[in-house]
Amino acid sequence: MPDPYFPGSGDPRYRVHRYELALDYRPGPNRLGGTARLSAVAATALSEFALDLADFRIGRVLVDGRPARYTHRAGKLRVRPTKALAAGAAFTVDVHYTGNPRPVRSPWGGLGWEELTDGALVASQPVGAPSWFPCNDRPADKATYQIAVTTPSPYTVVVGGRLLTRTTHSSSTTWVYEQSAPTSTYLVTVSIGPYRPVPLAEHPEVPQTGYVPERLAGAFAADFGRQPRMMTYFGEVFGPYPFGEYTVVVADEELDVPVEAQGVATFGTNHLGGGWERERLIAHELAHQWFGNSVSIGDWSHIWLNEGLAKYAEWLWSERSGGPTAAARALYAHRLLAGLPQDLRLADPGRKLMFDDRLYQRGGLVVHALRLTLGDTAFFRMLKDWAAFHRHGVVTTADFVAHAARYARTPLEGLFDAWLWRPELPPLPAG
C-alpha cells in the first residue's frame, strides 16, 4: 500500500534488498556523478516500475543488464524493461546519473543532500533520499548498502556502516562503506568535510567516534564524554546495540535539529556547549538506533513509535544520571501539554503535525503511562523484548499495542484508546 502521508513516494510493487552506490562528488562546483545498482524482487508482475530520483541528468538505465526505456519527471524515474518481470522475480536496475544535488522541497523546508560552506551532508527524514540516489523511498523497504564515495583527498567522508577501504589516487580518495543491517532509505547518510576523528572512551562492544572540525575537538570530547555511559545504560534497558558501530558528526554549520541515520547522528555547532538541553539530544539520537532505525515503522503515520520512545529514553537517562526522574519529566511534560491545543491524535497525527513538538512529548507520556500501569519489572522486560523481537524489522502501532498487552495483568485497551486515538490529554495513571 502507498504511504498514507506521502502517497507519491515509493512503489509498493517491488522491494529492494540491496543498493550499491558509486559516487564522485566535487565540493567546489557541488557536482555529483553516480552509478546506482538496485537488487530487487517484484511483488507482482511488472511491465514497468518507478524509482524516486530528483532532478539529475540520466545517462542510462539498465534492467538485468539490458537497456530499458524510461521517463524522468517530477521526481519519478519510470522504467519499462524490455521484458516484463514475473511476480517473485529477482532483478537488478542500474542507473547512471549526474548533476548538482540539492535538497528536495517539503513542508519542512529542503530535505536530503545539503551543500555546506565546505563540504556536504545528508539529512533525509522523511522523504529526502531521492535528492542524491535513485531509490524506493518507503520507510518499510529496508535494504543493505555498499556506498563508495570519491572526493578530493583533503576531505573526510563519513557514511553509516563499516569502512571497508580508503584508497587514494593522486588528489582524490575513495571511501567504501558497507551497511549490512537492513536500512530505510531516509536513514542513509553521507557527510563530507575537513573533519578530525575523535575517538570516545572505549566501550567493550561498540566503537564510538566523532568527526568534528579541528577547532571543536575539545568541546566535542567534553560534551559527548558521557555518551559511552549512555550506550552502556541503553544496552541494559533496551538490549544490545543493534549495529556494529556508532558515529557522531558535528557539521561546521548550525542545524535546526540533530538528525539520526543508521549508525550515525549529525549535530550542528550550535548543539555543543553542555547543559541538559544538549545532553538530552545526545540521548535522543542514540536511542533512535534502537527505536526508529533497527525497529522501523511501516509508514509515517506511526512516527510516534520512533519519537515517543526516543523522548522517553531522554527521561530515563535523566533519571539514571542523577537528574530529575522520569516521573518528574513526565509531570512537567503533562503540565506543558495541558495548556496547549488538544487537537493531536498521536497514533495518526496527519502529515501536518507529524513533527509537532506535542507528538514527542505525548509520545513520551504514553510510554510513561504504560510504565506506571505495568510496573517497572514488566515494563522494562516489555521494552527490551520489543527491541529484540523486531530487531531490524518493521512495525506498526497495532504491533506495539499487541506486544504491550502480553505484559499486562489487566486489559490495556482503555489506556491506549485514551492516549493514542483521542486528542484530549488524559490524566497520568496513579501508578
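Biologist: Why is the pairing of Glu277 with Arg280 called a salt bridge?

Modeller: The closest N and O atoms of Glu277 and Arg280 are 2.9 Å apart. A salt bridge needs a side-chain nitrogen of Lys or Arg within 4 Å of a carboxyl oxygen of Asp or Glu, so the pair meets the rule. The model is predicted: local features need pLDDT of at least 70, side-chain atom pairs count only at pLDDT 80 or more, and totals for chains, interfaces and linings use all residues. Residues are numbered from 1 along each chain as its sequence is written, and side-chain values use heavy atoms, with hydrogens and water left out.

Biologist: How do you know that Glu277 and Arg280 are separated by about one helical turn?

Modeller: Both residues sit in helix 3, three residues apart, which means about one turn of the helix between them. Helices (H or I, at least four residues) and strands (E, at least two) are DSSP runs, numbered from the N terminus. Glu277 and Arg280 also belong to a salt-bridge network with Lys311 and Glu314.

Biologist: What makes Arg280 count as buried?

Modeller: Its relative accessibility is 19%. Buried means under 20% relative accessible area, exposed over 50%, and partly exposed in between (1.4 Å probe, protein chains only). Arg280 therefore counts as buried.

Biologist: What makes Arg13 and Glu48 a pair that ties together parts of the chain?

Modeller: Their side chains form a salt bridge with N to O at 3.1 Å. Arg13 is in the segment before strand 1 (14–26) and Glu48 in the loop between strand 2 (31–42) and strand 3 (49–52), so the linked parts are 35 residues apart in sequence. Arg13 has a relative accessible area of 28%, so it is partly exposed.

Biologist: Which distant parts are linked by Asp141 and Arg15?

Modeller: These two side chains meet in a salt bridge, N to O at 3.9 Å. Asp141 lies in the loop between strand 10 and strand 11 and Arg15 in strand 1, 126 residues apart. Asp141 is buried at 0% relative accessibility, while Arg15 is partly exposed at 41%. By the rule, the count is 22 salt bridges.

Biologist: Why is one space called a pocket and another a cavity?

Modeller: On a 1 Å grid over the protein atoms alone, a cavity is a set of points where a 1.4 Å probe fits but cannot get out, and a pocket is an open set with protein on both sides within 12 Å along at least five of seven lines. Lining residues have an atom within 4 Å of a point.

Biologist: What is the lining of the second largest cavity by class?

Modeller: That lining has five nonpolar, five polar and no charged residues. Ala, Val, Leu, Ile, Met, Phe, Trp, Tyr, Cys and Pro count as nonpolar, Asp, Glu, Lys and Arg as charged, and the others, Gly among them, as polar. Among the lining residues are Tyr145, Ile147, Gln179 and Thr183. Strand 11 (143–152) and strand 14 (172–183) each supply at least two residues of this lining.
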